[in-house]
Amino acid sequence: MDFFVHLAEGFIGMFQKGGEQFVGLVTGIIPTLICLITAVNAFIKFIGEERIERFARKCTGNIILRYTVFPVLSMFFLTNPMAYTFGRFLPEHQKPAFYDSTVSFCHPITGLFPHANPAELFVYMGIATGITNLGLSLGPLAIRFFLVGIVVILIRGVLTEYITKMMIRRKEAQTTV
């Protein structure tokens, strides 16, 4: 009999812990995310979507901007998963590299701008918990995470674009034979 009582208490306890976690989110990160999303949407409306699109087209002409500034802006303004739609400004052979660099930036942006990818906030918060338990500030971690992320997305974007071009050339060579 004790087994069933213990099982029932454990079962309901799981939902009680889930409720506590939910309350923590409602009083913690969710209001922050709502404010950030509202501010970003207001910023886009204030500047104008056409101007942002024009700027995006200019960014895609330079390989360094294409795989640093462009993915950062798309992730910041459109957030995950809408950020990938900025790929429409690119020719077909650059779209895989843009996607690769943008998806690789989902985690690094979270420390400074959690609205960009709130679904993956748990990764950053796991690391942040360890840092705060040591009595250290999260600011330097978030900035380093962000800067290293930019270097990584540049490398990934350039390499993926190179590999994509190489695969296209091979396919074209095979179809002409």
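**Salt bridges and helix contacts**

Modeller: Happy to. Arg66, Glu161 and Lys165 are linked in a network of salt bridges; a salt bridge is a side-chain nitrogen of Lys or Arg within 4 Å of a carboxyl oxygen of Asp or Glu. Before going on: this is a predicted model, where local features need pLDDT of at least 70 and side-chain atom pairs count only at pLDDT 80 or more, while totals for chains, interfaces and linings use all residues. Residues are numbered from 1 along each chain as its sequence is written, and side-chain values use heavy atoms, with hydrogens and water left out.

Colleague: Thanks. How many salt bridges does a search of the whole structure find?

Modeller: Five salt bridges turn up in the search of the whole structure.

Colleague: Are Glu161 and Arg66 buried or exposed?

Modeller: Both Glu161 and Arg66 are buried. Buried means under 20% relative accessible area, exposed over 50%, and partly exposed in between (1.4 Å probe, protein chains only). For Glu161 the relative accessible area is 3%.

Colleague: And what about Lys165 and Glu161?

Modeller: Their side chains meet in a salt bridge as well, at 3.1 Å, N to O. Lys165 and Glu161 are four residues apart in helix 8, so about one helical turn separates them. Lys165 is partly exposed, with a relative accessible area of 32%.

Colleague: New spot: what joins Glu20 and Lys17?

Modeller: A salt bridge between their side chains, at 3.8 Å, N to O. Both residues lie in helix 1 (residues 2-27), three residues apart, or about one turn of the helix. Glu20 and Lys17 are both exposed.

Colleague: Let's switch to helix packing. At what angle do helix 5 and helix 6 cross?

Modeller: A quick bit of background first. Two packed helices are described by the angle between their axes and the distance between the axes. For helix 5 (residues 69-78) and helix 6 (residues 95-103), the axes come within 9 Å and cross at roughly 60°. Axes are lines fitted to C-alpha atoms, for helices over the stretch in contact, and angles run from 0 to 180 degrees between N-to-C directions. Helix 5 and helix 6 are therefore oblique to each other; angles under 35 degrees count as roughly parallel, over 145 as roughly antiparallel, 65 to 115 as roughly perpendicular and the rest as oblique.

Colleague: Which residues meet there?

Modeller: Phe70, Pro71, Ser74 and Met75 of helix 5 meet Phe98, Ser101 and Thr102 of helix 6, where contact means heavy atoms within 4.5 Å. By class, the residues of this contact of helix 5 with helix 6 are four nonpolar, three polar and no charged. Here Ala, Val, Leu, Ile, Met, Phe, Trp, Tyr, Cys and Pro count as nonpolar, Asp, Glu, Lys and Arg as charged, and the others, Gly among them, as polar.

Colleague: Which residues of helix 6 are buried?

Modeller: Ala97, Phe98, Asp100, Ser101 and Thr102 are the buried ones in helix 6. They pack against helix 4, helix 5 and helix 8.

Colleague: You mentioned Ser74. What is Ser74 in contact with?

Modeller: Leaving aside neighbours within four places in sequence, Ser74 is in contact with Thr79, Ala83, Phe86, Phe98 and Thr102. Ser74 is buried, with a relative accessible area of 0%.

Colleague: Where is Thr79 found?

Modeller: Thr79 is in the loop between helix 5 and helix 6. It has a positive phi of about 60° although it is not a glycine. Most residues other than glycine have a negative phi. Thr79 is buried too, with a relative accessible area of 18%.

Colleague: Last one: how do helix 2 and helix 3 cross?

Modeller: The axes of helix 2 (residues 29-47) and helix 3 (residues 49-59) come within 5 Å and cross at roughly 90°. That makes helix 2 roughly perpendicular to helix 3. Ile44, Lys45 and Ile47 of helix 2 make the contact with Glu49, Arg51 and Ile52 of helix 3.

Notes. Helix = DSSP H or I, 4+ residues; strand = E, 2+ residues; numbered from the N terminus.
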